[in-house]
Amino acid sequence: MTASGGESNVMRYTIYFTLGLFVMLSFWGRPLWALDTPAQAFQSGWELFHDLLDDPDKAQYRSWWLRAKDHFLQAYKHSPQGSYAPKSLYYLGRTYQELGKRSFLKSDSLKAVDYFQRVALRFPEHSWADDAKLFQAKVYLENLNDPDKAYLALLSIRHTYPKGDQAAAAEAMLRELDSANMENIDEAEIGPKEQTDKAQTGSKGLGELLQVRHWSSDDYTRVVLDLDGEEAYSHMLLNPDPSLEKPFYRLVVDVQKTRLSSEVPGEIAIEDGILREVRTGQYKNDQTRVVLDIQNIDDYRTFSLNNPYRIVIDVYAPETESRSGKQAQTRDTDDVFSGTLVEQLGLDIQTIMIDPGHGGKDPGAVYGKLYEKDINLRLGKILGRLLEDKGFQVRYTRTDDRFVPLEERTAMANSKKADLFISLHVNAHENSRVNGLEVYYLNVTSSKDSVRVAARENAVSAKKISDLQVILTDLMLNSKIEESRNLAGVVLKKVLDAERSFCSLKDHGVRRAPFYVLMGAKMPSVLMEIGYITNSKDRKNLQSKNYLQLMAQGIADGIRTYRAQINKYAVLGGAETGSD
Ligand SMILES: [Zn+2]
């Protein structure tokens, strides 16, 4: 007993010692990774990853997966355009996919999706791009329980890689999802049985679907459902079904506890762009159904906005010739290398959408007879002229004193394929001493002050802003957050430089907040608060033409600097790094 006990102690110490040595070595070893070639870093990651797949006990530990991730991330960062970059991104996706299965954390699985997307986006020609898409579908299906998104990922394999080695697997998964959807397909049509009883009683306590608005281009469409109050809704995507003589996708949105207003037409034909038609109906006594017939779909998002309540549906088509065609027109032929990369990454900047905030019945911030909406428009026009002089194409969400809903402004920018979106505003504060300049980009925030500004610009309460932050996380996956932050940074700096000769402007820095007007924007976008109408010094400046001229000059310089950075960045081959 004693002897064997002693023996096992010796054994234990030996194991501890060996473990300790191992831990020390791996800590000492850590800085050496920096000297690894991408091939070595990738190989270490690959070995660890497969080791973890074979060892269920070890695979329980998050730290091991994160270590594998570190290897792949290092291989990628070392050479973001090198031959190991696509493989590293792919394995970063695989690592987070396996980690997500074990951690059950949504954030892990979303990272997996993000990395798989990057493989297909940055290296569409690579032989692993379709494998990445297939795994992306699996993460949606198995980890995230989102068959719609899985379906979209599989469709993109059908469209983009019909001859790839994953085509058969993708088709098999599509068939499986189709049969699961079969029962829904029968329901997708709007039953005429109850369409006639619109006027019947029984609508007590039900909300009303008042209006359907839409904007569509060949690769983007936004549909907005206006309701008279907040109601729950659900959505599903149905694939084309030849037997129904409807060979297009159908996105079905059901709104609970509502009646369809008699003002809303049953069919709204569109047929310009990817949206063919919107159909509406009273699907059940207390449920309205809206069906979008869509030509081509790559992804879609839905979210709701408040005051008044509306449901926003954004549909994106796969990026096709239209985009590269647009860029080919102005391609600088003597710099083929940068051209190709800028094109690939979709970074080229030509068209600027200027959004003078508020207008018409919505004055924005007010001080006496001075209205925010007028200052925004004045600045917008000066800025537009400056940018046109510099060779940019300029679009406006409004050029006169009219009301334009916030979601329509974003829809205009997306459907006009603007490359940057600049929303102009004036701030207000109950404390008249508060003054200065802020540049915002879309993101969740914990700052009370940013919440206050977003609540004011969105015309909702601060409480609604915190609800909004939850849905924003999903929405942001496809937004240009990092690019918007960079744009905000250079614009802020250039405006401060430009105004220096006129006055010393208080710099509140780059901030983030969930602004409705930036939600769903496909391009880098910022919202500027150019001064406080409630502060006497700022107010005087805001009424000065010279001040606005310098402000516009600064913004235009910022945009040109940003564009130059993007082009330089693409030439150097510096792709953005991983998400952590
Ligand atoms: Zn405003």
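Two strands count as paired here if DSSP finds at least two bridges between them. Keep that in mind as we walk through this predicted model, because strand E2 (residues 220–227) and strand E10 (residues 310–316) are joined by 7 bridges and run antiparallel. Strands of a sheet pair through backbone hydrogen bonds, either parallel or antiparallel.

Let us take in the whole chain before returning to that pair. The chain holds 17 helices and 18 strands. It has 580 residues, and 42% of them count as buried. If you take the contacts in the chain with a separation of 6 or more, 69% of them involve residues 24 or more positions apart.

E2 belongs to an open sheet of 5 strands, ordered E5-E1-E2-E10-E9, with mixed pairing. At the edges stand strand E5 (258–260) and strand E9 (299–305); each has a single partner strand, so one side of each is left without a neighbour in the sheet. From one strand to the next, the twist averages 25 degrees. Helix H12 (residues 406–415) packs on this sheet, where it touches strand E1 (207–216), E2, E9 and E10. The direction of H12 makes about 165 degrees with that of E2.

On one side, E2 pairs with E1 in the antiparallel sense over 7 bridges, and the two form a hairpin with 3 residues between them. Within this pairing, Val212 stands opposite Leu225 in E2. Another pair to look for is Arg222, which stands opposite Asp314 in E10. How much of E2 is buried? The strand is mostly covered, with 6 of its 8 residues buried.

A second open sheet comes next. It is built from 6 strands in the order E14-E11-E15-E18-E16-E17, again with mixed pairing. Its edges are strand E14 (393–396) and strand E17 (507–513), each with a single partner strand, so one side of each is left without a neighbour in the sheet. Here the twist averages 25 degrees from one strand to the next. Inside this sheet, strand E11 (residues 351–356) and strand E15 (residues 420–427) pair in the parallel sense over 5 bridges.

Helix H4 (residues 85–103) and helix H5 (residues 106–122) have axes 7 Å apart and pack at an angle of about 160 degrees. Angles over 145 degrees count as roughly antiparallel, which makes H4 roughly antiparallel to H5. H4 passes H5 in a left-handed crossing. On the H4 side, the contact includes Pro86, Leu89, Tyr90, Leu92 and Gly93; on the H5 side, Ala112, Tyr115, Phe116 and Val119 are among the residues taking part. By class, this contact has 10 nonpolar, 5 polar and 3 charged residues.

H4 also meets helix H2 (residues 38–54). The axes of H2 and H4 come within 11 Å and cross at roughly 25 degrees. Since angles under 35 degrees count as roughly parallel, H2 is roughly parallel to H4. H2 passes H4 in a left-handed crossing. Phe42, Gly45, Trp46 and Phe49 of H2 make the contact with Lys87, Ser88, Tyr91, Arg94 and Thr95 of H4. These residues divide into 4 nonpolar, 3 polar and 2 charged.

One last stop is Glu388, which is found in helix H11 (residues 372–389). Is Glu388 buried or exposed? Glu388 has 12 C-beta neighbours inside 10 Å, so it counts as exposed. If you look for Ala556, 168 residues away from Glu388 along the chain, you will find the C-alpha atoms of the two separated by 10.0 Å.

Notes
Residues numbered from 1 in each chain as written. Predicted model: local features only at pLDDT ≥ 70, side-chain atom pairs only at ≥ 80, totals over all residues. Axes fitted to C-alpha atoms, helices over the stretch in contact; angles between N-to-C directions. Helix = DSSP H or I, 4+ residues; strand = E, 2+ residues; numbered from the N terminus. Parallel < 35°, antiparallel > 145°, perpendicular 65-115°, else oblique. Left-handed = near helix turned anticlockwise from the far one by under 90°. Contact = placed C-beta atoms within 7 Å. Nonpolar A, V, L, I, M, F, W, Y, C, P; charged D, E, K, R; others polar. Buried ≥ 20, exposed ≤ 12 C-beta atoms within 10 Å, placed from the backbone.
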